[in-house]
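Here is a walk through a protein chain, meant for someone seeing it for the first time. Keep the picture open while you read.

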Amino acid sequence: MRFLVAFLLIIFQVHLNYGQTSLAKIDLDKGPYSVGFLHYTSADSSRTYSRIYDYSNEKIARPIPTSIWYPSTQNVDSIAALRVLDYLQVLKEEEEWENLPNEQILNWFYYANSPANQAHLKEKTNAYTDLKKAKGKYPLVVYAPSFQASSIENFALCEYLASEGFIVISSPSRGTDTRWFGNNLAKEIETQARDVEFLIKKAMQLPNVDPNKIAVMGFSFGGLSNVIAQMRNENIKVMASLDGTERYQYSLLKKSPFFDLNKLDVPYLHMAQKDIPEMVLKEDKIDSTLNTRFDLYDSLSLNRTYRLKFLNLTHAYFSTLGVLFEVRDTRQDKSDLELMNAYKWVSILSLSFLKAYLLDDNMAKTTFKGQLEQISTNNKIISYQKKGQKSTAFTFNDFNDLAAAKDYNGLWELYEQSKIKHPNLNLPEGSLNTLGLQLIFNSKTSNQGVNVFNLAIRLYPKSANLYDSLAEGFLYLGNHKKAIVNFKKSLDLNPHNQNAIDRLKSLTATP
């Protein structure tokens, strides 16, 4: 297979040339944090796997090689940064060729062994091993790589996000049974989605991860897997896609038993490649509708969605390894300067989108929208469409979910905030009464029930029934004084409330 790739490159050399790029020329600004990098392997014991090149019938627990980029405040002036070669040694391990000599890496793994590519191996990156983790909690981005690709394929973007205060975690895209995908791509989507979920579960155990701020980002095939993962994981709050194949393989998504458009309700950014030229479509026998169709985007209505098309990027250059090592196709690829500038904007917009919608930062939302306008003027770098979130009813259940997350504290402030966002919010008296009683009669949540009744009475101050129920709650708690006060208030509002009459007789009777 390795020799076949090299042979094909020779055959099609009329269409190819070598790029002259570098990490320094991409010029991604570093954020305020130093970037730590950690790589290790976990195992998912719920699945089995075979190391194909061991030529053994042995089945092992599914290995999950894991790469993590994280923010650090440690001074790195006297520490050696990782080189690109260090990342390709991770690739070597994930390809299950751990013992391959380093001088064979370019020959062996897809990339031309050219002087330019040899120079890339020596380049310094912005990551360091064994740095101390910054204190505090940070948002998490789970990166899903492209078809059968390495966890480090987009290391420059991952470093960039970590330098801005995000923790990024990734594992390789590998098949269900072995390193390689089988013919059933729907099955492989499910496998990668489960890998994403495995990473989320592991990451949420880390003390510096904010479990309430989790996003997924995928390149190519990873985009398909992330859609399925998001549809069944409420922990995923935001999706970003780097020319994700969900644009081209909507029919594959629909094969999943977990596919449900009503679940895809989070902010979603899709950044697509430029239109493929007519000549390339014909010569490579590519369906021309790939330039225009996006059935998933057209079907979405429950989330805020941005659809971008980069005018200077073909598919391979949405990854760091693609920009640095991929052989150029002279029929359609832009100049190296244009490729690097476009990749830089992919990174900048990814960061701005995550800050805007994962952190829910209004200033970042303004910045993101301004950047879109800036680089779409006169079709300089992108063209884009946006689709607003369809208005949906904010129900009592939605409010109760928010209230429960706050342990039913600060309910009036929560109500006012919710009312601003959802002017039609209605909290029915009966629902509040039932919820309050459910909570107050549970000894573990009695105080929360009192808080619910305080909100309810503030909303419905003339409700005799609410005062009567609150009095019953205090009676259950053994607070006879407050029970009497509230039964009297109920009776003042409804002199015919027989329950209050009977309870007060009993509570005030002389022993």
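In this predicted model, the structure holds 24 aromatic pairs. Take F353 and F368: their ring centres are 5.6 Å apart and their planes sit at 55°, so this pair counts as tilted. The pair ties together distant parts of the chain, with F353 in helix α13 (residues 336–357) and F368 in helix α14 (residues 362–376), 15 residues apart.

Elsewhere, ring pairs join F37, W69, Y87 and F155 into a cluster.

Rings also meet charged side chains here. R232 lies over the face of F258, 4.3 Å from the ring centre. In another spot, the charged end of K387 sits over the ring of Y297, at 4.4 Å from its centre.

K387 turns up again when you look at D298. This aspartate is found in helix α11 (residues 295–299), and it is exposed, with a relative accessible area of 52%. Which residues does D298 touch, once its neighbours within four places in sequence are left aside? They are R307 and K387. D298 and K387 are 89 residues apart along the chain, yet their C-alpha atoms are separated by 9.5 Å.

Now step back for the whole protein. There are 21 helices and twelve strands, and the C-alpha trace spans about 105 × 50 × 50 Å along its principal axes. Of the 511 residues, 52% are buried. Looking at contacts with a separation of 6 or more, 74% are between residues 24 or more positions apart.

Next, some helix packing. Two packed helices are described by the angle between their axes and the distance between the axes. Here are two such pairs side by side:

| Helix pair | Axes come within | Crossing angle |
|---|---|---|
| α16 (residues 411–421) and α18 (residues 446–459) | 9 Å | roughly 55° |
| α17 (residues 429–440) and α19 (residues 464–477) | 10 Å | roughly 0° |

Start with α16 and α18, whose axes cross at roughly 55°. That angle makes α16 oblique to α18. On the α16 side the contact is made by L411, W412 and Y415, while α18 brings in N451, V452, L455, R458 and L459.

Then there are α17 and α19, which cross at roughly 0°. That makes α17 roughly parallel to α19. From α17, the residues E429, N433, L437 and I440 meet a set in α19 made up of N465, L466, S469, L470, G473, Y476 and L477.

Why does S490 count as buried? Its relative accessibility is 0%, and buried means under 20%. The side chain of S490 has a polar contact of 2.8 Å with the side chain of N497. Not counting residues up to four places away in sequence, S490 touches A464, Y467, D468, N497 and A500.

A500 lies in helix α21 (residues 498–508) and, with 0% relative accessibility, counts as buried. Leaving out residues up to four places away in sequence, A500 touches D468, F487, S490 and L491. So what about A471? A500 and A471 are 29 residues apart in sequence, and 8.8 Å separates them in space, C-alpha to C-alpha.

Finally, a look at the backbone. Most residues other than glycine have a negative phi. Which way does phi go at D130, positive or negative? D130 has a positive phi of about 65°, although it is not a glycine. Its place is in the loop between β4 (127–129) and β5 (138–144), and at 69% relative accessibility D130 counts as exposed.

D360 also has a positive phi, near 55°, and is a residue other than glycine. You can find D360 in the loop between α13 and α14, the helices that carry F353 and F368. D360 is partly exposed, with a relative accessible area of 49%.

Key: Residues are numbered from 1 along each chain as its sequence is written. This is a predicted model: local features need pLDDT of at least 70, side-chain atom pairs count only at pLDDT 80 or more; totals for chains, interfaces and linings use all residues. Side-chain values use heavy atoms; hydrogens and water are left out. Buried means under 20% relative accessible area, exposed over 50%, partly exposed in between (1.4 Å probe, protein chains only). A polar contact is a pair of N or O atoms within 3.5 Å; within protein, one must be able to donate a hydrogen and the other to accept it, and residues adjacent in sequence count only if both atoms are side-chain atoms. Contact means heavy atoms within 4.5 Å. Rings of Phe, Tyr and Trp (its six-membered ring) pair if their centres lie within 6.5 Å; planes under 30 degrees apart count as stacked, over 60 as edge-to-face and the rest as tilted. Helices (H or I, at least four residues) and strands (E, at least two) are DSSP runs, numbered from the N terminus. A charge sits over a ring if NZ of Lys or CZ of Arg is within 6 Å of the ring centre and within 35 degrees of the ring normal. Axes are lines fitted to C-alpha atoms, for helices over the stretch in contact, and angles run from 0 to 180 degrees between N-to-C directions. Angles under 35 degrees count as roughly parallel, over 145 as roughly antiparallel, 65 to 115 as roughly perpendicular and the rest as oblique.
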